[in-house]
Amino acid sequence: VHGMDSYQALYHQFIRSRAATIGNGVEVRRSGLKNAGRGLFATQPFKKGQLITGVDGPVISHAEAERLRAAGQHSHIRTLLRQHLCIDGLKEHPAPRGCGGGTYANDGRDAVPNNAQFCNRAAVDGTLQLCFLRALADIAPGEEILVSYGRDYWAHFERVAASRP
């Protein structure tokens with residue numbers, strides 16, 4: 001879809017120019033949380049309320065997001081425009097330098113308080129929606145960036161875990 005390609009190019013340009021990127025403000029490395037794998041860490045200070053990094057990855061249609069959800073392949077999808085567009089967050093290893101690192105942030109859940117939240121911001125004329133992580137507290141270099149995944153994510157996670165032999 002030509003329009004989708006244009007939207008995707010603008011999306012990536014805007015998120016990478018308005019917040020930190022992997023290798024320039026944030027980095028991906030082993031998480032300090034039990035069973036978490038990799039996590040997102042600050043390499044520069046962030047003040048409460050500041051945008052940290054964007055959620056990067058392919059921009060997909062709402063229909064594609066629903067297909068991925070139905071197939072159980074939806075762990076990093078964030079809605080940009082309700083019923084229209086979503087972002088399917090990066091899952092690559094190693095994490096690509098120069099990209100937004102938002103999807104590498106873990107949820108501290110009950111172990112550690114989250115210090116960031118997902119937020120959508122409009123760009124240009126309000127039609128281009130961008131997804132970022134925003135600091136809920138001051139974050140020091142070396143600190144892991146943690147964000148709530150929400151109740152729906154954990155309910156799905158627990159159903160899948162319970163269905164495994």
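The following questions and answers go through a predicted model of one protein chain, from its overall make-up to single residues.

Reader: How many helices and strands does the secondary structure of the chain come to?
Author: From the N terminus on, the elements run α-β-β-β-β-β-α-β-β-β-β-β-α. Counted by type, the secondary structure of the chain comes to 3 helices and 10 strands.

Reader: What share of the contacts in the chain with a separation of 6 or more comes from residues 24 or more positions apart?
Author: The chain has 165 residues, of which 42% count as buried, and its accessible surface comes to about 9,100 Å², with 51% belonging to carbon and sulfur atoms. Among the contacts with a separation of 6 or more, the share that falls to residues 24 or more positions apart is 68%.

Reader: Which strands are the edge strands of the open sheet of 4 strands?
Author: The sheet is open and has mixed pairing, with its strands in the order E1-E2-E3-E10. An edge strand here pairs on one side only, and that holds for E1 (21-22) and E10 (144-145).

Reader: Which residue in E3 stands opposite valine 28?
Author: Strand E2, residues 25-30, and strand E3, residues 38-42, are paired over 5 bridges in the antiparallel sense. Within the sheet, the residue of E3 that stands opposite valine 28 is leucine 40.

Reader: Which residue in E2 is the bridge partner of isoleucine 22?
Author: Strands E1 and E2 run parallel and are joined by 2 bridges. For isoleucine 22, the bridge partner in E2 is valine 26.

Reader: Is threonine 21 buried or exposed, and what is its relative accessible area?
Author: Threonine 21 has its place in strand E1. Leaving aside residues up to four places away in sequence, threonine 21 touches Arg16, Val26, Thr53, Gly98, Cys99 and Gly100. Since buried means under 20% relative accessible area, threonine 21 counts as buried, its value being 7%.

Reader: How far from the centre of the ring of phenylalanine 41 is the charged end of arginine 29?
Author: By the rule for ring pairs, the count of aromatic pairs comes to 0. A ring does, however, take part in another kind of arrangement, in which the charged end of arginine 29 sits over the ring of phenylalanine 41, at a distance from its centre of 3.8 Å.

Reader: Why do the buried residues of helix H2 lie on the same side, and how wide is the arc they cover?
Author: In H2, which spans residues 62-70, the buried residues are His62, Ala65 and Leu68. They lie on the same side of H2 because the arc they cover around the axis is only 120°.

Reader: Which exposed residues does the face of H2 turned away from its buried side carry?
Author: The buried side of H2 is the one with His62, Ala65 and Leu68. On the face turned away from that side, the exposed residues are Ala63 and Ala70.

Reader: What distance separates the C-alpha atoms of cysteine 119 and glycine 54?
Author: Cysteine 119 is placed in strand E8, residues 116-123, and counts as buried at 7% relative accessibility. Not counting residues up to four places away in sequence, cysteine 119 touches Leu51, Leu130, Cys131, Phe132 and Arg134. Glycine 54 is 65 residues from cysteine 119 along the chain, and their C-alpha atoms are separated by 9.4 Å.

Reader: How far apart in space are tyrosine 104 and glutamate 92, C-alpha to C-alpha?
Author: Tyrosine 104 is found in the loop between strand E7 (85-88) and E8. Although it belongs to a loop, tyrosine 104 is buried, with a relative accessible area of 5%. Between tyrosine 104 and glutamate 92, which are 12 residues apart in sequence, the C-alpha to C-alpha distance is 9.5 Å.

Reader: Near what value is phi of asparagine 35?
Author: Asparagine 35 lies in the loop between E2 and E3, and at 76% relative accessibility asparagine 35 counts as exposed. Its phi is positive, in a residue other than glycine, and is near 60°.

Reader: Is arginine 109 buried, partly exposed or exposed?
Author: Arginine 109 lies in the loop between E7 and E8, and its phi has a positive value near 45° in a residue other than glycine. Residues under 20% relative accessible area are buried and those over 50% exposed, so arginine 109, at 37% relative accessibility, counts as partly exposed.

Note on methods:
Residues are numbered from 1 along each chain as its sequence is written. This is a predicted model: local features need pLDDT of at least 70, side-chain atom pairs count only at pLDDT 80 or more; totals for chains, interfaces and linings use all residues. Side-chain values use heavy atoms; hydrogens and water are left out. Two strands pair if DSSP finds at least two bridges between them. Buried means under 20% relative accessible area, exposed over 50%, partly exposed in between (1.4 Å probe, protein chains only). The arc is that of the directions from the helix axis to the C-beta atoms. Contact means heavy atoms within 4.5 Å. Rings of Phe, Tyr and Trp (its six-membered ring) pair if their centres lie within 6.5 Å; planes under 30 degrees apart count as stacked, over 60 as edge-to-face and the rest as tilted. A charge sits over a ring if NZ of Lys or CZ of Arg is within 6 Å of the ring centre and within 35 degrees of the ring normal. Accessible areas come from the Shrake-Rupley method with a 1.4 Å probe; for residues, only the protein chains shown count as cover.
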